[in-house]
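Here's a quick tour of a protein model for anyone meeting it for the first time. Have a look at the sequence and the fold, then read on.

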Amino acid sequence: MAQEPGTPGPETPTERTSATPAPVELSDLAALKALAQPRRQRMLQHLTLHGPATSATLARALGLNTGSTSYHLRELARYGFVEETEAGAGTGAGAGAGETGTGAGVAKAAEERRPERAPGHGRERWWRAVPGDRRFPPRSRQSAEMRHVMDELNHHAYAADLELFEQLQRGSAESGPWADAFPYSRGTIRLTPAELGAFFEEYIALLNRYKRPEAETPTGARTVLTRFLAFPAPLIDADADADAAAVDADSGAGAGVDAGAEVALARPANAAPVHNRKETEPS
């Protein structure tokens, strides 16, 4: 039996040491193209958020036709992103698989589903998103065509994330402890590329610490969407660097470039600029 949240014991996230999947790099251009297709991203997101579904369930939830969803499911299965599962098995959300989807939950949709028969099997075909630690090749190793595919994939993925967040804000029907359960952080740190890589691996390890089978998930738990994005700030030229250092020295902030930037932004609107470049001029 799973421990209740906050109860000491071997099942607590801090101490759990369950096996984690090894990272798999998606370097096959055909697989990336299959994943980047917008409808497939929506289907994967639905399977991840709402659990296993049939092509008919997905068609109704996403406003598609069953022929289309059946085709896209086969293509996703071809590259290992989805797989067949037992009918209705694990109707909870997926365990860290794909990241796409909207629509009604599987439990409600299952009540009104139309039979979807597998040829020669006489049964419904249920599909689930396959969990895994999938990585994309570093941009320096991507061909021009792969970069184009990745840009499309990221564009649709970020748009879907924003839509989910805005959907929650528009609904705003949350109550109880979940009404305040929206941790949010914006920060800056100074790192080398190697340190940023290590930071990312620690983040993945933290996520894996909190993953657990459905049977071990305590009552009251919900699917929580986590997104990690880190990118280097644009480089500034030497004179702007010197300006930032001067502001730091004058203010006595002693907290690095970030503190200096905050002080500079806090200057009165009519104050003389610290250099002769207008904000509207390109660097």
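## L73 and its surroundings

Setting aside neighbours within four places in sequence, L73 is in contact (heavy atoms within 4.5 Å) with M43, L47, S55, L58, V82 and W127. This is a predicted model, where local features need pLDDT of at least 70 and side-chain atom pairs count only at pLDDT 80 or more, while totals for chains, interfaces and linings use all residues. Residues are numbered from 1 along each chain as its sequence is written, and side-chain values use heavy atoms, with hydrogens and water left out.

L73 also turns up in the largest nonpolar core, which has 22 residues. There, L44, L47, L73, F81 and V82 have the most contacts. Helix 1 (29-36), helix 2 (38-50), helix 3, helix 4 (66-78), strand 3 (126-129) and helix 6 (144-171) each give two or more residues to this core. (Such a core is a set of buried Ala, Val, Leu, Ile, Met, Phe, Trp, Tyr and Cys residues joined through side-chain atoms within 4.5 Å; buried means under 20% relative accessible area, exposed over 50%, and partly exposed in between, with a 1.4 Å probe and protein chains only.)

## A covered helix

Helix 3, residues 55-62, is mostly covered, with six of its eight residues buried. Those are S55, A56, T57, L58, A59 and L62.

## The whole chain

The protein chain has nine helices and four strands. (Both are DSSP runs numbered from the N terminus: helices are H or I with at least four residues, strands are E with at least two.) Of its 283 residues, 27% count as buried.

## Salt bridges

How many salt bridges does the structure hold? There are nine, each being a side-chain nitrogen of Lys or Arg within 4 Å of a carboxyl oxygen of Asp or Glu. E25 pairs with R141, their closest N and O atoms 2.9 Å apart. That pair links distant parts of the chain, 116 residues apart: E25 sits in strand 1 (residues 24-25), R141 in the loop between strand 4 (134-135) and helix 6.

E201 and R135 also form a salt bridge, at 2.8 Å from N to O. E201 lies in helix 7 (residues 193-210) and R135 in strand 4, 66 residues apart. E201 is partly exposed at 38% relative accessible area, whereas R135 counts as buried at 17%. Through shared partners, salt bridges join D133, R135 and E201 into one network.
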